[in-house]
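Take a look at the model below. We start with a helix and its neighbour, then turn to the ligand.

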Amino acid sequence: MTLTEMIETFKKELNPSKIMDSLEKTASFYDESENDSKASGSWEELQNQERSSAAGFFHSSERSRLTSDEREPLIKLTDVWKIYQMGEVEFAALKGIDLEIYEGEFLVILGPSGSGKSTLMNLLGCLDIPSEGTVYLDSNDISELEESELARIRGQMIGFIFQSFNLIPTLSTEENVLLPLEFQEEDAHLARKKAEYLLDIVGLSNKKTNLPSQLSGGQKQRVAIARSLAVNPPIILADEPTGNLDSKTGDYILEFLDGLHEKEGKTIIIVTHDLDLVKYATRVVYIRDGEIEKIEIRTKKEPSTINESDMN
Ligand SMILES: Nc1ncnc2c1ncn2[C@@H]1O[C@H](COP(=O)(O)OP(=O)(O)OP(=O)(O)O)[C@@H](O)[C@H]1O
């Protein structure tokens, strides 16, 4: 293959229009699976299980039929403080955060280094509990849930994508995608079928037996996206998802997340210090020194009032 052919192949691989085809494929997969299981019963069981937990499904969730006045936020933070104790010294990383996140938002949380973004991400993802204040996930006060119950609801509601990918190094690509499905005690055959489709959607069906160490950074992040979608959660929470990627691969990942928002109505929350991501947002929350300094409700692609000087 000549260099020009290689570049053309690479460009084709990163063609955002392919993402849209892929997403349509995803939607039809979930439709087909639904029909399949009506015959076998197993999918219906799964759906009932998911409905009862209000996790929703790829489309036509109960929630989206409600008007905005009737909707409860998916995640709600009320006067949330996070105080780190370092010996005798206390440090308040978050100071009285109030934030409600609704279905269908593309929320970008921006702030300079040390402003409290990762701390906030851990609380939004219910991976940590606040020092003071309340975090609600799907109307549940997380501090009142048993750890196992919280893990179950969190697993159904939120798909996580991290800057460092967080793949299990000893598991193959397919096994990494299967992991969240195992926690849901899903039928093994159906789980494998889903993992195959999800790897196909992110363009990695030929890498399913590879270990993460045998993948490029962009491929690892695509596996992480496939894994985050495995249980079809309504929320995708991403911490600097393009931080370890070159700009072209990063754009591909963002276009994919944008497609999930536009086509599948997923609620996307991205925590970042990269101003470029603002163009995808329907709302930008700007934090500084542990406080929300500015909230911008916007139309995608519209210029933002937040600029480089805010990021220092
Ligand atoms: N475990 C901890 N113990 C003490 N202080 C901490 C701890 N974790 C974070 N901090 C402090 O809390 C503040 C917010 O940290 P956080 O990691 O949330 O910031 P950030 O906005 O994500 O930064 P960056 O963009 O550099 O990753 C920082 O001043 C940090 O030093």
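A residue counts as buried if 20 or more other C-beta atoms lie within 10 Å of its own, exposed if 12 or fewer, and partly exposed in between, with C-beta atoms placed from the backbone. Helices (H or I, at least four residues) and strands (E, at least two) are DSSP runs, numbered from the N terminus. This is a predicted model: local features need pLDDT of at least 70, side-chain atom pairs count only at pLDDT 80 or more, and totals for chains, interfaces and linings use all residues. Residues are numbered from 1 along each chain as its sequence is written.

Start at helix α6, residues 173-183. Its buried residues are T173, E174, N176, V177, L178, P180 and L181. Their cover includes α5 (147-157), α7 (188-201) and α8 (217-229).

Now follow α6 to α7. T173, E174, V177, L178 and L181 of α6 meet A191, R192, K194, A195, L198 and L199 of α7; contact means C-beta atoms, placed from the backbone, within 7 Å. Seven residues of this contact are nonpolar, one is polar and three are charged. Here Ala, Val, Leu, Ile, Met, Phe, Trp, Tyr, Cys and Pro count as nonpolar, Asp, Glu, Lys and Arg as charged, and the others, Gly among them, as polar.

What surrounds the ligand? There are 13 residues, and the closest are Y84, A93, S113, S118 and T119. β1 (75-86), β2 (89-101) and α4 (117-124) each supply at least two residues of the shell. The largest share, three residues, comes from α4. By class, the shell has four nonpolar, eight polar and one charged residues.

Key:
A residue is near a molecule or strand if its C-beta atom, placed from the backbone, lies within 6 Å of it. Two residues are in contact if their C-beta atoms, placed from the backbone, lie within 7 Å.
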